[in-house]
Structure formats: structure tokens, C-alpha cells
Amino acid sequence: MKLPYRFPILIVVGLAVLLVSVFAQSGGYTPGEFQSSNPNYPKPNPFYFEGKIDWNLLNITTPSNAWEYLQRGMHYQDDMDDVPDATTDYQTSLSMNSLQNQTCQIVTAATLVNGNIPTSLTPAPCMFTVRLRLGYLQRETNPSSAIELFQEVLQIDPQRLGVNTLIAETYVIEAQQSTDPTTQQQAYANAVAAYQAELALSPVTAQFTALTADTANNSKVHWELAQVYEATGQNSLAASELQAYLQATQWHSDVYPWRIALAQNQIHTLAAKK
Amino acid sequence: MRLRILTTSLVVSLLGMLEAGCGTSVQSVPNPPQVAFLPQTFQPPENCLPCHQRQYNELHSAVKSGYRNVSPLFNGLESAGNLVNGGLLRPVYSDSTVVLPDGTLLNTNMYTTPILKETRQVQAGFCFTCHNANIEVLGNNPNNREVPQLAGLATCNPAPPAGQQCFQPQAFRPLRDYVMVDANGNQLLPPVPGGDPPSGAQPSLGAAGITCDFCHDEAGPDLNRSFQMDGFANTSLLLNQTILKTGPFSDPVAVKNNFHVANRNPSDIAFLTNGSFCNTCHDVRVPNRNLTAEEHNMNPGGQNVSYFRLENLSTEWQIGPYNGTNNPFGHLVRCQDCHMSLFPYAGTSTYQVGDMTVTSPTPGVFATDYAAVPGVATADNAPLQQRQVVEHYFTGVDVPLMSPTELSARLGPNYPDPYGMGIDTHGVPNGLATRRQDLMMAAARISLGKTDATTQLGQTFTVRLEAVSLTGHRLPAGFSQERTVYVQLAVTDANGFLLYQSGYVVDKPHPNTGEPASDGNLDDEDLEHLHAVVDPGSFTATYTSGTGTNGGNNVVFEAGPDDGPDARIFEGAQEGLVLFRNELTHIFLPGQAIGRIDAATGKPVLAQGVHFEETFQAALANTVDNFRSLQPLHPRTYNYEIQLPTMQQLQAIGVTVQGPLHVHAQINFEHFPPLFMRFIAGVTGATGPTGHSLNLMDEQRIDTYLKNVKGIASDDFTVNLTP
């Protein structure tokens, strides 16, 4: 009576075992199914991911939006040493995330809802990385464009460190490239203002000194500012900045440590010129 | 009829397999039924010792077992998180009467909630769950509860509701206060919160942390509690509390006196021995809105729980080259192959990664030994055979930041010395510090081979450093936003004159933690890309949650002279520190206080726009960059454009530079950033938000135990100096 059932059952069970074996993964047990979305591709919420993601992890064939063009541009620039293609991608990205054509916005208090950020913003927030990257590449070839881009970054985040220094350095480049004394003078003056704006973002206060033992900071800015003052014949100010540089390097040295000895020497030289 | 049922079942199964194998949609998967074995309460590891002596000894020295529960850093982090949000990270239990704002009861925690639908459920026991899930489960019985539910979770300013008590930081204790018992097994608390272990204190059941039972009681992944329904992260693991124990063997020998039953279920065994098992814990997803990446719990009803990825190690392995055959070894390399094998003590392999030829320890080599003690462990004294066995050291990047005396006082007199000498019967060093150092030395390789061959004074030349990670995940991984891997690079002339340096540190005072003058120790110094001091907070009579007085914001935040990480990423600059550490970021919205005081006005400095700033307090992060770490087996080149001084500048300082120039680069590992540890010292110190010292971290501990691993990989290059 049971025989008619046993053989089909055995066949079915055998088939099942066979199929399970076929479908089983060689690596062993796999719980559930790993998330279907690419964990390396951040879905903006509402800001773009401002950083660099390894290009091979993004699984992008052809960029389709401002963020993807930025990512590919960074890949070209950093991983392929391909500055022309990087520049093109940055420009395309910028065209899709532009204040001028209103494809991006500066987020302000008015954008917030009860002090909170909505889940999405239309137009999207302006990205700072693409502006910094493109501006940095254009410092020598198109300083005025670079400065405009850096100033847009300051619109996005006026307190972002380093942007004023980039502006200052670009003005210095502009001054050095110019043969017109008036242009030079203005560019240097603009550079000084930008350097001072950078210093103002990290003020040296009594609390700062109590916490760090530092009596000055931003050694790079002080060094570069001293060079500007020296180039414009403002020796007293140059000496003062070199002194601040020495204070700032007291507990931090410098990536170019020989500059410390050079600054000491320059202070003496500048004093002798008085 | 039976045939019809079987056929139907088969078809359904086949369809299921086809969907799992080919589809992309994920369906809710019910938890597998619990197997009806005899119940067995969570066992202390000492009960496994008689039959599994070697495994016990090995696990005893692993940081996840024992040390983590008394770690000053883990306890400090957990405390800092609680102090900023009013104790929300402490567990709640089934007898909780806490009512959420929507009127529902909060009486389940991160482990006991079937589907996490409320952020507060994920927060409840957030740190404790991963490190002590079994104890959290036992805590539903007040008699077995080690860590109490805090009174007045969160703040209730301006006045507590009738009959309720607000969060009281002055009564706050670190978790490790709760893991001590007397000789009768009754909980012993230090007389003052955070105080020394009382006389006669012994480690409690929970002091052991991740024990034998935690892994060998596994009953598969808990898909419903994993946010992506894939068994990843936040202890998405089902635990039996029965005599059924899963090991790696399909043909286990019967256990003496039926102390436990050896699981023969191939699925459970395969799970335990696969990376999938590790995936249940080694992603950590923090319940907080990520402002740059939208991710939320996809389980039904879980949409309101959004998160960011803190530890992303398991995801990195899952989608990386070692989880497959596209790696130098041509086969799947599991977590167990490096962290539970003889690695890195079982020979080396030489292989090609990109254009780099690499020699590195071989993973997946195991010792042959008995899995249990012969003559003791088996029913009827059945003979055991020697097999391939795994090590239970679980060596990673961590070593205890405590002395052997301190460890013994909290974890028992036999706690192994992390700095011990000698080797075990398998040839593996006994000391955790040695194992950690050797593991790190296998992690990466670098080459300077593409550096400019010649240069001139007054000119710029380019050093090209190619770096590759050989790890199964990114490097660093785990708490990768604080674990620090970086490149130290120096350019000198033939006489040793230093022309350029990056990745350097300077011995300096730290007045904020009581080091008024430089002390000759470089391991306690931060890298020079950033100068930051994190607000430790301060005690106030009336508690208010948030960063106002509870610390976490940066009170000093400025760029340093070696500012490479941000400059390289955001500007595309080719200079400054190459730092592989990931970053936690706090995005401040316009008008929000960023934590500093305007010296001129005395008022808080407010964000004028959308302000991104690195944060060292994970509880404040609302975005994270997990892509600064090195991707495995994917070489990357980092350029340094180095400006040489002019002849005139050198003459001014009386130096003659003599060629050739020498470039030296090495990768170093920093256990934790000192500024982060100083924050932990401050926020848990006597002047922090609790108003009393939790006795976790101070400058002396930082100076004594913060030991970094230098020279994981190195290379040298000679550059000719032309006139």
C-alpha cells in the first residue's frame, strides 16, 4: 500500500537534495540577501556626500548628475593624473550645480523648517568640493575664475577653514603674474585681507592658549603673509608675521622645518633694514 | 496526497531559491523556529574550560572577552554618549514603564526588540548589546540583571512629570561598575561611581563579554533585526540558551555527561564558520539621521529608524575581493582565515597587486590539534582525533589600556598579561601586544618607485607613494574614524639635513589634561594636520541634554601645518599628510552653535552657512566619510609636491645641501588619536558633566598605555640633486 508513494517521495527528495547542492554557494551559508542597493553609493539626504569615493566602487558607467561628474573628475585627477579630463568633468558638474543657472542653492536659515533640514531640497544644495577642486586647478591659468569659485564656497560655508588662504594664494599668483604695478598692489592688498580673514576664523584667545599652550597658530598663513609684506616692502609687518610664525611653530614645527631657521634669519635681516 | 505536498513544497523551495539567487528584492524572512533542546542558562567560560582548555586560554586574552567590558576607552565612549543624551544608550527591560512621546511603551532594547521601529529601541543598550547581548537578555529577569535601567532616561527639563525622576549625571556610573560580584555572586558596586573595585570583588558573568556561549549558542542570523534584512550589523544574531552548541565539525564526538549537545545541523555549522557569522556584529549602524546618505530600516514599520554607518567592516569584506575568488589566493578568504588561524605565523606568499609585487603572510593555515582535552571531554571516554582547529585569539588592532594589576583586579587573578612573552603550543605568541604588532605588519605595503629621479635646489619635485592594503576589509577598519593609519615621510640630504617632513609629531605640553610641559613621549602626540580640543563639558545642577554643557563640540579647531587630508580630498592638493583614517563629521546648519565662544562678544559662535566639521564625539555625527581608508588590494598613488629651498635661502641659514636626497616613507598605526583620548579623559573626569571622576582616563594612562605600531611598511628612494 505504501510502495506507490515511497518511490516518488524518494525521487522528489533526491531531486531536492541535488538542486539544493546545485544552488548552494561554494562559500557556505548566506543569510538573507545582501542589500540590493550599492552601499558605496550614498543617496543624498539632503546634502551631497562631500568626499571622494573609490571610483571602482561606485559602479557608474557614465555619469548622470553633478555628483557623479565630480566623482569621476576626482578619479581622473587623483588616480589617472588626467587633469584635462578632470577639468572637463568638474565644469560639467558645476554646470549642473550652479548658482548662476539656479541648479543649486545656498542653504540658509530660511531654508530650514523649524530649524531642521528637509529630507530634500529643490534645487539641491551647492557643493563645495567641485568648486574647490576646479578653482585649485585654475589658480595659475585663470586666477580670477578660481577666486570666484572659492568665494562661492565661502557663500556656502563662510567658516570653512582654508578657503580664505586659497583666495589669498591666488591673489598672490595674480600679483606675481601681473606687470601692472596698480594691479599688483591691489592683488597683494586683497591677499592680505584674505589671509587676515583666515586668521580670524581661528582666533588666539586666552582659552585657546590655556588649552593648547600655543600663543599663535596658522603658521602657514603667517609665513605666507610675511612673504607678501616683504614683497611689498612692509618690513615691519613682515617681521611681525615671521615672529607669529615662530610662535606658531614652537610646538608644531613645519613641514619645511628649515623655514624656522630662515624666519629667524629674516627677522634679523629685516631689523637691520629699519 | 503526501506526494502532492512534497511536490508543492519542492516547487515553493525552488522558486525561493531562484529568487534568492537571482532576484534583487528582499522579502521579510521569519525567524527560524527555536530548537527544542533542554534549556541551559548562559554559561561562564570557566564551565567550558575543563574540556576546552586551549580555547579558553586563547579567548581569555582576546579584547572582546573580558577586557572590553572594563576598558577605560569603551566605558568612556559609552559614558560620553549617555551624558550628551541623558542616558538613552543604557538598556531598558521588559518591566520598563518608560513611555515614548507617541504614547507607546519602551520596554524592549536593541536586542530584544523583534523589529526595530523606534530610534529609542535601537539606542536602548546600543553599546551594551553588541558587547554583552546575553547579559542584556538575562536582564529581563530583575534577579539576573547586571546593568540597571537608568532612572529618568533623557532629560525632563524644565520639570519632571509627576512621579518621575530626571536623568541624574551625578549618579551616573560607567558600565564597568556593574560587572563585579562578591563570593556569593551578589553584585558589588564601588562605593562611589567609577571607584576602584571593592575588596573581594570578582568578575561577574557579564564581565566575560563575548564568551564561548555567545558564538556557540548561535541559531543563525536575525534578519528581522538587521536594518537591511541581510543579517548584518548590531548583533543581528539569534541566540539559543540551550544545551545545543554549534561547533565547526559535522561529526562531533558525544560530550561527557551531556553537558552540551554538539550541533550537527550543516546550516548552523556553515554559518558559524563563514564570514556571515562575523557580519552580524562587525558592522555598527548608529541610529541618527545621516545628512548625506539616506539609509533607514527597511523592515516593515521600521522606516522611521534612520542610521549612519560607524563600523563598516563587514560590508567592506562582503563586497571586497576576499569574499570570492578574485584575490591573489584564488579562493574565498574568510574572517576566520586571518583572525582565527595561524596567520601571520604560517609562512608567506608572494603575489602581484597592480604593479606592486608583494610578499605577505599566508591566510587560512590552521593548526592540527585536539578540539577538546582527550580523556576528559567525551562520553564513555571515546577517543578523539586530531583535526584542523581554529585559534580563539581573535587578534585585531587593540591592546588593553590597563596594567596587568588593574586587569586582574577587575577580571580575576589569572587574567593574561597582554605584554607576556613566549609562544603557545601552536607557535603563536602568548602576548596580545606581540600578536597585534605582527598582524599590523601584514596589513599594507608601499612603494616610492615612481618618485622623480632628479631635482634641483629651488625647484619642486614629486614624491609618488603607492600604497596598498592587504587586509580583508579597508585599512583601518572597525572604529575606523579613530583608528589611525598614516604615512610618515621625510626628505633629507646626504648629511641628514631635513628638507621636508609629513606625518610627524612634536613633543608638546597638554595643559588641558595636566601635562604642563613636554614629557619626551611622542606616542601621546597628535599628527600635525589638525589642532583640535574637544569640549569635555561641565557639571550643572540641572541637567539638560545636548552639547551645551555635556561636551563633544570642538572648542579649538584649526588647520595645522601638515594639512593633507582635507586639502587632498576637497582641493585636490598634492601635499601634506596622507591619512587613511575615516572621518565622523558634524554638519552644522545655519544658526546652530558650533561650540566655540567669540572672544570679542563672549557669545557662542554660530554657523553662518552649512558648516562641515570633523567631530570626535560619535553621538554628534550626522554624516561619515568611510572612504578615506585604504581599499583592499587596490593600490593608490599619493603625490607630494615638495618645494626645495633656494641656494640663497640655504646660505642665509648657513646650510649646504649635499646630494643625493633620501626619501623615506613608512606607514604607522596610531591606536587612537591622543586628542580623542584627552576628550574621553575630560568628559569622564571630575570636572566633566557628572561632577565626579569616573576614573577611566587621564594623562598618565595616555602616556603609559598609548603605544603605536610604527613601520608597518616602509620604502626608501634616492633622488639625485643636479646643479
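I took helices to be DSSP runs of H or I with at least four residues, and strands to be runs of E with at least two. The model I am reading is a predicted one.

**Chain A, overall.** On that basis I find twelve helices and two strands in chain A. I read the elements along the sequence as α-α-α-α-β-β-α-α-α-α-α-α-α-α. I looked up burial next: 45% of the 274 residues of chain A count as buried. I also checked contacts in chain A between residues at least 6 apart in sequence, and 48% of these join residues at least 24 apart.

**Contact between A and B.** I note 77 residues from chain A and 84 residues from chain B in the contact. Sorted by class, I have 43 nonpolar, 23 polar and eleven charged residues on the side of chain A that touches chain B.

**A sheet in chain B.** I then turned to an open sheet of three strands in chain B, with the order β23-β20-β24 and antiparallel pairing. Its edge strands are β23 (611-614) and β24 (623-625) of chain B, each of which pairs on one side only. I record an average twist of 35° from one strand to the next. Strand β20 (residues 583-588) of chain B runs antiparallel to β23(B), and four bridges join the two. Opposite B:H586 I find B:E613, in β23(B).

Note on methods: Residues numbered from 1 in each chain as written. Chains lettered and ligands numbered in written order. Predicted model: local features only at pLDDT ≥ 70, side-chain atom pairs only at ≥ 80, totals over all residues. Pairing = 2+ DSSP bridges. Axes fitted to C-alpha atoms, helices over the stretch in contact; angles between N-to-C directions. Contact = placed C-beta atoms within 7 Å. Nonpolar A, V, L, I, M, F, W, Y, C, P; charged D, E, K, R; others polar. Buried ≥ 20, exposed ≤ 12 C-beta atoms within 10 Å, placed from the backbone.
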